[in-house]
Amino acid sequence: MKSSLIRLKNVINQNSSGPTGIVMMNMGGPATLNDVHSFLSNLFHDKDLIPLPFQKLLAPRIASKRTPKIKEQYAAIGGGSPILKWTEIQGEGMAKLLDELSPHTAPHKPYVAFRYVNPLTADTLEQMKKDGVKRAVAFTQYPQYSCSTTGSSLNELYKQIKTTDTDIQWSVIDRWPTHPGLVKAFAQNIHQALQRFDQDERKHVPILFSAHSLPMSIVNRGDPYPAEVASTVQSVVSLLPQLTGHANPHRLVWQSQVGPSAWLGQQTSDAIQGLRKLGYKKAIVVPIAFTSDHIETLFELDLENAEEAHEIGLRLERAPSLNDSPTFIRAIADLAAAHLHNVYPSNQSTTEIQDTGYVGGWESGKPTSTQFKMRCPGCTNEVCLKQKDYFNGENAI
């Protein structure tokens with residue numbers, strides 16, 4: 001009986017007149033200087049990202065205090081974040097490929113759902129409702145899962161779904177740290193950065209893989225983010241010799257620490273200082289947990305860290321961000337297509353679709369990965385529990 005109902009749902013969904021929505025979830029960034037305060041306020045109110053005592057009281061104060069400094073940073077990179085532009089370019093490219101890779105779920109329409117700035121999740125859901133979407137994929141744009149990023153976005157999506165009158169069937173792409181296309185795109189960009197050095201010195205240049213740091217309070221409750229970032233790094237350095245003909249020394253470092261509490265280290269800026277003390281005069285930095293340029297790459301890496309390196313006599317080159325990389329856009333299309341074929345099986349050949357690179361694997365016809373089902377062993381967030389139950393069971397395909 002249950003299998004018959006599943007097949008019936010699949011038939012209904014596959015013949016839906018509305019598009020298949022692919023919702024690209026990310027934190028977002030202020031498009032203008034006037035958006036900075038509201039962005040920071042939303043960010044510091046998010047206890048999934050930055051757990052604070054007396055959050056409702058402290059968050060607006062911290063946001064107001066930090067707004068002038070952050071405005072200066074955004075002014076230095078042109079007045080706003082380009083993350084929406086790049087996400088829309090990536091989404092449009094992905095959707096075109098998806099229509100060819102997965103015709104039985106076509107047409108596909110990309111949507112952007114940012115956590116802290118427009119387009120916010122609630123507004124995106126309203127637009128999907130107007131567009132007649134009946135089937136959608138919540139597709140995290142954080143390749144490595146953390147409760148503070150992907151988890152927070154899914155918690156927000158769940159809360160907004162419960163207050164929005166829609167009948168969308170959801171499935172989730174929650175992590176993809178070792179997807180072959182993602183790994184290849186990173187490796188190609190590092191290879192490009194290495195070409196800026198003389199041929200005889202390229203293999204000696206150390207590579208700093210820089211990822212957004214995380215409070216140790218989150219890590220210590222079992223968050224998988226550090227391990228998944230490390231898996232991306234290891235996959236990339238394993239592929240690099242095929243492109244470069246040599247192996248480079250490398251380290252994983254962390255950036256963007258906020259506040260006095262303990263965060264994942266070593267910090268990127270400290271690592272730069274340390275490399276110079278060890279005698280290195282050249283290095284490459286790679287934004288390994290970001291899928292496009294934004295404040296962490298354009299200001300922290302390109303301006304702050306570059307200036308620090310210059311002052312101590314270290315030549316620091318940055319590998320390009322993924323942005324409009326054709327390899328990366330093909331990767332997210334392959335990933336979404338493989339996911340859709342798994343959730344909505346068809347007789348169509350999938351030989352052109354690369355392995356998804358999931359951690360935890362999939363069960364055929366299930367809306368989420370096996371790893372998604374498990375909460376952090378130290379989790380006390382009841383919204384997280386309800387959200388996972390919803391996407392995994394109550395809303396199951």
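Predicted model: local features only at pLDDT ≥ 70, side-chain atom pairs only at ≥ 80, totals over all residues.

Biologist: Which domains does the protein chain have, and where are their bounds?

Modeller: Domain bounds come from an automatic or database domain assignment. Here that assignment gives domain 1 (20–32 + 80–175 + 326–392) and domain 2 (180–318). Their C-alpha centres lie 27 Å apart. The contact (heavy atoms within 4.5 Å) takes 24 residues from domain 1 and 23 residues from domain 2.

Biologist: Now the sheet with four strands: in what order do they come?

Modeller: The general idea is that strands of a sheet pair through backbone hydrogen bonds, either parallel or antiparallel. Helices (H or I, at least four residues) and strands (E, at least two) are DSSP runs numbered from the N terminus, and two strands pair if DSSP finds at least two bridges between them. In this open sheet the order is 6-5-7-8, with parallel pairing. Strand 6 (250–255) and strand 8 (315–318) are the edges, each pairing on one side only. From one strand to the next the twist averages 30 degrees; axes are lines fitted to C-alpha atoms, for helices over the stretch in contact, and angles run from 0 to 180 degrees between N-to-C directions.

Biologist: Which helices pack on the sheet?

Modeller: Helix 7 (residues 180–194) touches strand 5, strand 7 (282–287) and strand 8, and its direction makes about 155 degrees with that of strand 7. Helix 11 (residues 295–311) packs there too, touching strand 5, strand 6, strand 7 and strand 8, at about 165 degrees to the direction of strand 8.

Biologist: What stands opposite phenylalanine 209?

Modeller: Leucine 252 in strand 6 does. Strand 5 (residues 207–212) and strand 6 run parallel and are joined by six bridges. Leaving aside neighbours within four places in sequence, phenylalanine 209 has contacts that include Ile190, Val236, Leu252 and Ile288.

Biologist: And how do I read a nonpolar core?

Modeller: It is a set of buried Ala, Val, Leu, Ile, Met, Phe, Trp, Tyr and Cys residues joined through side-chain atoms within 4.5 Å. Buried means under 20% relative accessible area, exposed over 50%, and partly exposed in between (1.4 Å probe, protein chains only). The largest core has 49 residues, of which Met94, Phe139, Ile190, Phe209, Val236 and Ile288 touch the most other members. Domain 1 and domain 2 both give residues to this core, so it lies between them. A second, separate core of 22 residues includes Val36, Phe44, Tyr74 and Phe114.

Biologist: Which way do the side chains of strand 4 point?

Modeller: In a regular strand the side chains alternate between the two faces of the sheet. In strand 4, Gln169, Ser171 and Ile173 point one way and Trp170 and Val172 the other. Five of the five residues of strand 4 (residues 169–173) are buried, so this strand is largely enclosed by the rest of the structure. Strand 3 (residues 135–140) pairs with strand 4 in the parallel sense over five bridges, and alanine 138 stands opposite valine 172.

Biologist: How many disulfides are there?

Modeller: A disulfide is a covalent bond between the sulfur atoms of two cysteines. The cut-off is a pair of cysteine sulfur atoms within 2.5 Å, and a search of the whole structure finds zero. The sulfur of cysteine 147 has its closest cysteine sulfur in cysteine 376, at 3.3 Å, too far for a bond. Cysteine 147 is buried at 12% relative accessible area, and cysteine 376 is buried at 10%.

Definitions and conventions. Residues numbered from 1 in each chain as written. Heavy atoms only, no water.
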